[in-house]
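Hi everyone, thanks for coming.

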Amino acid sequence: MLALPTFAGQKLVFTTPAPVQAPPPAASWGMEIAYTYSWAANDIYKDWVPCKEIRSNGADLTGVYNFNTHHAATMRLAYAFGARSWSDDVYFDGHEIVTCYDRVRMHTFSLMPGYRYTLPLCPHSALYAGVNVGVTNQSIKDNYHESNYGVDRNHKSDWGFGYSAEVGLRINLCPDSEFFVAYHFTGSTAKTSNNGYTTHRQTNHGIRTGFGFRF
């Protein structure tokens, strides 16, 4: 028979080893490359009269520092471009019919640090929300074209306070890369005027999508 050694006057005690705690996730760096389409973008006024709404396409490069699974700091460098063309007027100058065209182009650069919160749904997907604030430079380029007098070009820019917010879904493609898509809202206080044109509404609604990499 198997005998267990005991000391006189002592009871035999069985102990259970404590469970091993998994170490917390280590901090990590990441990078995102994204494309944004804004379908409700800045309004343009011509001499205080509502003129055209400019939709825009944008791209950004975002650096990410993940403190843990949930919290991260971000730094985003973004660019957006939008343009609209339309026939402004047709008149007779005494010799021929002259057609006038307006073409307004908007360029927006921004640099914004921010914060992001991530809520894992399962090992391969997560919801996230983030906010960014920083500086924005917005410019208007106006080409006023008359069919027999050529093109008159003007370019003005302005600096302002920029901000953005997004809510979206992230899907892991492999341990170190992911795809994401989100509703994206941006705004700016920059007020750019050029040759009678003035930016009015400075808020944009759009979809941001792209890929993220961790290293």
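Starting at the N terminus, the elements of the protein run β-β-β-β-β-β-β-β-β-β-β-β. That is twelve strands and zero helices, where helices (H or I, at least four residues) and strands (E, at least two) are DSSP runs numbered from the N terminus.

A quick word on where this comes from: it is a predicted model, with local features needing pLDDT of at least 70 and side-chain atom pairs counting only at pLDDT 80 or more, while totals for chains, interfaces and linings use all residues. Residues are numbered from 1 along each chain as its sequence is written, and side-chain values use heavy atoms, with hydrogens and water left out.

Of the 215 residues in the protein, 35% are buried, meaning under 20% relative accessible area with a 1.4 Å probe, protein chains only.

Now the surface. Two or more of its residues come from each of β1 (28–40), β8 (150–174) and β12 (203–214). Strand β1 gives the most, three residues, and Ile33 lies in that strand.

What about the inside? On a 1 Å grid over the protein atoms alone, a cavity is where a 1.4 Å probe fits but cannot get out, a pocket is an open set with protein on both sides within 12 Å along at least five of seven lines, and lining residues have an atom within 4 Å of a point. Volumes are the space filled by probe spheres set on the points.

The whole structure has one cavity of 30 Å³ or more. The largest cavity holds about 410 Å³ and has 30 lining residues, with Ala80, Thr108, Ser110, Thr186 and Asn204 nearest its centre. Strand β5 gives the most to that lining, six residues. By class, the cavity lining has 18 polar, ten nonpolar and two charged residues.

Finally, the largest pocket: about 470 Å³, lined by 28 residues, with Asn66, Thr69, Thr118, Glu178 and Arg214 nearest its centre. Strands β1, β4, β5, β6, β7, β8 and β12 each give two or more residues to the pocket lining.

Note on methods:
Nonpolar A, V, L, I, M, F, W, Y, C, P; charged D, E, K, R; others polar. Buried < 20%, exposed > 50% of the residue type's maximum accessible area, 1.4 Å probe, protein only.
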